[in-house]
Structure formats: C-alpha cells, structure tokens
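Please open the model in a viewer and keep the selection panel at hand.

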Amino acid sequence: MQYVASRLAERVIALAASDAALDYVLSQSYDYPTCGAWPIRGWLEMRVVKELSKILIREEIDKNSTVSINAAAGGKWLS
C-alpha cells in the first residue's frame, strides 16, 4: 500500500487503509511460498490502482484529499 500511497502523494492525495483492508489484500493476493509477495503488487495494480485511476480521470478526487480504503462488511471486497 505504501507504493500506492506514494503514487497518490504525487497528486497531493493521501491514502488511508484500514487494517481490515490490508488483511483482505493479503488474503486475496499472497501466494507464499510459490511466488512470495510479488502477487500483492499485481493484485493492488489490478484492483486498487486501476479503480483509483478511473476516479482520478473522472476528477472525482480533489487535491489535498484523503482516499480511505476499507474492507466491506463481511470482508468480501474493498470499499
């Protein structure tokens, strides 16, 4: 998530991710010992960065804003 946060910081946008969101990302993307942590970055690119990019293109986030990411009720997706 630090990688995603640094990309948003270039646009003066902060990122806040709850522990539940981080747990969800790890449970969906981590494939140790097969691939280690590498799938995490790809998962974040496909699911978090891609969605944030769409939001940025639609100009739905202003500079000096904070994007909050949380696991939805039941922990089945991010919100």
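Begin with helix 1 and helix 3, where helix 1 passes helix 3 in a right-handed crossing (the near helix is turned clockwise from the far one by less than a right angle). Helices here are DSSP runs of H or I with at least four residues, numbered from the N terminus. The model is predicted, so local features need pLDDT of at least 70 and side-chain atom pairs pLDDT 80 or more, while totals for chains, interfaces and linings use all residues. Residues are numbered from 1 along each chain as its sequence is written, and side-chain values use heavy atoms, without hydrogens and water.

Next, select residues 2-9 (helix 1) and 38-57 (helix 3): their axes come within 10 Å and cross at roughly 25 degrees. Helix 1 is therefore roughly parallel to helix 3 (angles under 35 degrees). Axes are lines fitted to C-alpha atoms over the stretch in contact, with angles from 0 to 180 degrees between N-to-C directions.

Now show side chains. Tyr 3, Val 4, Arg 7 and Leu 8 of helix 1 meet Arg 41, Leu 44, Glu 45, Val 48, Val 49, Leu 52 and Leu 56 of helix 3 (heavy atoms within 4.5 Å).

Finally, select Val 4, Arg 7, Leu 8, Glu 10, Arg 11, Val 49, Leu 52, Ser 53 and Leu 56, which line the second largest pocket (on a 1 Å grid over the protein atoms alone, an open set of points where a 1.4 Å probe fits, with protein on both sides within 12 Å along at least five of seven lines; lining residues have an atom within 4 Å of a point). Helix 3 gives the largest share of this lining, four residues.

Key:
Helices (H or I, at least four residues) and strands (E, at least two) are DSSP runs, numbered from the N terminus. Angles under 35 degrees count as roughly parallel, over 145 as roughly antiparallel, 65 to 115 as roughly perpendicular and the rest as oblique.
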